[in-house]
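Let's take a friendly walk through a protein model. Have a look at the chains first, and then read on.

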Amino acid sequence: MSPTVLLVVEHLDGVPAPATLEAAGLGKALASPQGRLVVLAAGSSARKAAEALAAVGAGSARLAEEPAWDLCPPSALGSLVAATARAEGAEVVLIGGTCFGRDLLGGAAAAWEAAAAAGVTEASWEDGGLVVRRPVFGGRATETRRLEGGRAIVALRPHAFPPLDTTAASFEASPSPPSGAAPASTLRRTGFEPGASSAGPSLSDAAIVVSGGRGLRSPENFGLVEELAAALGAAVGASRAVTDAGWRPGTLQVGQTGKTVTPQLYVAVGISGAIQHLVGMVGSRVIVAINNDPSAPIFRVADYGIVGDLFEILPALTAEVRKARAG
Amino acid sequence: MEIVVAVKPVPEAEARLRASADGSGLETDGVKFVLAGYDESAIEQALLLKEAHPPSTVQVLSLGPAARCEEVLRAALALGCDRATLVEAAPSGPLADPMGVARGLAAALRGKKFDLLLVGKQAGDDEEGVVGSALAQLLGVGYAGFVTDLRFDAASGHFRFRRTVERGTELWEAPVPLLVGLQQAWNDPRTAKLPAILRSRKQPIERFDAASALEAAARSLGAAFALPAPRTGAKLLDYRSPQEAAEKLVRALREEAKVFP
Ligand SMILES: Cc1cc2nc3c(=O)[nH]c(=O)nc-3n(C[C@H](O)[C@H](O)[C@H](O)COP(=O)(O)OP(=O)(O)OC[C@H]3O[C@@H](n4cnc5c(N)ncnc54)[C@H](O)[C@@H]3O)c2cc1C
Ligand SMILES: Nc1ncnc2c1ncn2[C@@H]1O[C@H](COP(=O)(O)O)[C@@H](O)[C@H]1O
């Protein structure tokens with residue numbers, strides 16, 4: 001097969017987002033052995049972003065370098081993506097499924113008259129068509145979809161694909177059609193507040209989540225969970241017992257009435273595993289439970305369990321993680 | 001202000017999920033459908049804006065099989081929405097084409113005047129989050145998703161809102177009409193009172209036939225639906241000291257599970 005795959009680049013001042021590097025890896029696989037991978041970047045530092053991605057074996061880059069792209073909402077890129085996909089004769093458009101990717105996915109698909117799928121964790125060619133798999137119902141089930149009609153636009157679930165290393169190489173860049181076009185949008189960005197939510201990664205997007213429950217016994221002890229999370233570079237979550245008691249804010253709650261998370265690794269500490277908590281985290285790839293009650297339901301969904309007193313285990317684990325990461 | 005909220009019927013959270021007989025989709029027989037969680041927030045936000053800016057009306061719109069859409073439309077009427085429209089179509093859900101849904105909703109809204117169109121950030125069942133931005137493109141209105149703290153300034157006719165993304169919070173401004181994918185309303189969703197629930201049973205529901213709008217050459221179609229193999233239970237680590245437990249866990253995460261960074 002020799003398909004053309006168009007990769008939409010998300011970047012901050014020319015540095016590609018991790019989700020874009022993950023999509024680049026898949027793009028390279030879908031374009032091989034005979035196809036083409038083309039990257040599309042917009043904004044005043046589009047060229048720098050495309051250069052960083054040239055190592056993916058992209059034969060060419062399409063650039064929309066007008067500074068107006070810097071401040072427009074992601075949804076305004078839909079028409080640009082569609083026009084570029086048409087001009088390149090692409091079969092597939094790939095985007096990282098971040099807030100950026102998800103805000104432009106549907107609009108690009110509508111403008112390009114393509115089939116769309118989001119939250120994708122696997123993608124491959126089958127009988128000449130693109131087949132994707134994705135978790136649904138908070139990871140309680142998986143669906144397989146066929147994207148028919150020869151035009152597919154896919155947003156990938158963050159962390160589902162390994163990122164591709166990038167080293168600069170030369171490539172051929174051309175302005176993206178329609179040349180010189182500026183984004184059309186009525187939306188105007190008036191400000192930005194960096195990382196307002198918390199210091200670490202946000203709960204919904206984190207690759208690792210460490211959650212604590214009532215077993216911690218007090219708001220002060222909950223700091224043990226935060227220390228482990230910091231050592232792992234993880235986001236902090238909590239059961240409803242913790243948020244209801246006011247030990248930590250409701251924004252940390254995982255479960256039916258809180259957030260649904262699907263990280264690579266979920267560590268549940270002093271959490272019993274009530275069904276309302278489980279529905280928010282069973283989609284995680286690997287689950288670790290630490291609880292002193294061997295009959296706690298959390299052990300039924302966990303991959304690894306430590307039956308023991310969290311007040312002994314957590315400090316040892318935090319120290320071990322620090323050691324392993326330093327070494 | 002004229003506000004429209006698109007609401008999707010989804011299986012209730014407690015529903016036991018099963019694959020249909022042919023394995024291609026979710027078995028919906030005997031499953032109770034309710035408003036998607038983010039759609040409840042979208043309705044709450046619409047009602048709050050209506051109360052803050054009289055005279056305003058809130059119209060709800062739902063596409064799918066009649067019975068389950070009527071359920072959620074009546075639930076929305078009971079909460080205080082003014083009008084309900086059913087866009088009749090084959091089952092929507094994890095295995096329906098989200099772009100088909102967007103085209104069907106766009107057909108029902110084309111040529112109608114509105115100031116604000118609200119959708120949920122994503123539906124709890126299929127988690128696509130595709131419909132909002134597709135609908136905006138099809139109707140030619142501005143769009144932003146992941147929106148919180150949505151305010152309307154009547155003097156300038158502009159909305160102001162926040163958009164919470166990975167790196168922080170963006171502040172935005174946009175004139176009417178606007179389409180928003182809502183992450184969070186100002187308040188937790190209200191609950192309906194019994195008299196309103198009883199009244200909603202008798203309120204009329206308008207119908208729109210969108211069958212012709214749904215088909216297209218490029219489609220995303222369900223081919224298989226699988227429940228994950230039930231987890232067999234945790235591998236419990238043997239240890240003599242907390243130190244040993246920690247070492248064994250880090251080794252397993254690194255070497256077996258390959259999730260340790
Ligand atoms: C409608 C509804 C919605 C809900 N939504 C949610 C939701 O979104 N999220 C949510 O989490 N819950 C939710 N709940 C609540 C849920 O049912 C449970 O009550 C809650 O999850 C329990 O929290 P927990 O596991 O922290 O506490 P517990 O169930 O009290 O468990 C504490 C655990 O800590 C262990 N423990 C105690 N001491 C130690 C120690 N020293 N070392 C190790 N382990 C120890 C215990 O063995 C126990 O298993 C909801 C409930 C309802 C009715
Ligand atoms: N069948 C439908 N009828 C009405 N609105 C819908 C429908 N499907 C999706 N939506 C709207 O689009 C949002 C996102 O849904 P989804 O793209 O399916 O995740 C929902 O929260 C609804 O507001």
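A residue is called buried when its relative accessible area is under 20% and exposed when that value is over 50%. Keep these cut-offs in mind, and remember that this is a predicted model.

## A buried helix in chain B

Which residues of helix α4 in chain B are buried? This helix covers residues 131–139, and its buried residues are B:Gly132, B:Ser133, B:Ala134, B:Leu135, B:Ala136 and B:Leu139. The cover over them comes from both chains: it includes α5 of chain A, along with α3 (98–109), β6 (116–120), β7 (142–153) and β10 (178–184) of chain B. After α4(B) comes B:Gly140, which has a positive phi, near 70°.

Chain A has an α4 too, and there it spans residues 78–88. Its buried residues are A:Gly78, A:Leu80, A:Val81, A:Ala82, A:Thr84, A:Ala85 and A:Glu88. Just after this helix sits A:Gly89, with a positive phi of about 65°.

## Where the two chains meet

Now let's turn to the interface. Here 85 residues of chain A are in contact with 81 residues of chain B. Together the two chains bury about 6,800 Å², and 55% of that is on carbon and sulfur atoms.

How many salt bridges cross the interface of chain A and chain B? The rule finds 7. In a salt bridge between A:Arg145 and B:Glu128, the side chains come to 3.5 Å, N to O. On the side of chain A that touches chain B, helix α5 (residues 99–112) gives the most, with 11 residues. By residue type, that side of chain A divides into 44 nonpolar, 19 polar and 22 charged.

Strand β18 (residues 304–307) of chain A pairs with strand β13 (residues 235–236) of chain B in the parallel sense, over 2 bridges. In this pairing, A:Gly305 has B:Leu236 as its bridge partner.

## A loop in chain B

Between α1 (37–52) and β4 (57–64) of chain B there is a loop, and B:Ser56 lies in it. Is B:Ser56 buried or exposed? Its relative accessibility is 12%, so B:Ser56 counts as buried. A polar atom of its side chain lies 3.1 Å from the backbone nitrogen of B:Met1. A polar atom of the B:Ser56 side chain also lies 2.4 Å from the backbone oxygen of B:His53. Leaving aside neighbours within four places in sequence, B:Ser56 is in contact with B:Met1, B:Leu49, B:Lys50 and B:Asp82.

B:His53 is found in the loop between α1 and β4 of chain B. B:His53 is buried because its relative accessible area is 19%. Not counting residues up to four places away in sequence, B:His53 touches B:Met1, B:Phe152 and B:Ala154.

Elsewhere in chain B, B:Leu26 lies in the loop between β2 (9–11) and β3 (33–35). With a relative accessible area of 13%, B:Leu26 is buried. B:Leu26 and B:Pro11 are 15 residues apart in sequence and 9.9 Å apart in space, C-alpha to C-alpha.

Most residues other than glycine have a negative phi, and most peptide bonds are trans.

Where are the cis peptide bonds described here? One joins A:Ser32 and A:Pro33, with omega about 0°. A:Pro33 has its place in the loop between α1 (18–31) and β4 (36–42) of chain A. Another cis peptide bond joins B:Pro54 and B:Pro55, with omega about -5°. B:Pro55 lies in the loop between α1 and β4 of chain B.

A:Asp13 has a phi of about 50°, and its loop runs between β2 (11–12) and β3 (15–16) of chain A. At 58% relative accessibility, A:Asp13 counts as exposed. A:Arg217 has a positive phi of about 75°, and its loop lies between β14 (208–212) and α6 (223–232) of chain A. A:Arg217 counts as exposed because its relative accessibility is 62%.

Note on methods. Residues numbered from 1 in each chain as written. Chains lettered and ligands numbered in written order. Predicted model: local features only at pLDDT ≥ 70, side-chain atom pairs only at ≥ 80, totals over all residues. Heavy atoms only, no water. Contact = heavy atoms within 4.5 Å. Buried area = accessible area lost by both parts, 1.4 Å probe. Salt bridge = Lys/Arg side-chain N within 4 Å of Asp/Glu carboxyl O. Helix = DSSP H or I, 4+ residues; strand = E, 2+ residues; numbered from the N terminus. Nonpolar A, V, L, I, M, F, W, Y, C, P; charged D, E, K, R; others polar. Pairing = 2+ DSSP bridges. Buried < 20%, exposed > 50% of the residue type's maximum accessible area, 1.4 Å probe, protein only. Polar contact = N/O pair within 3.5 Å; in protein donor to acceptor, adjacent residues only side chain to side chain.
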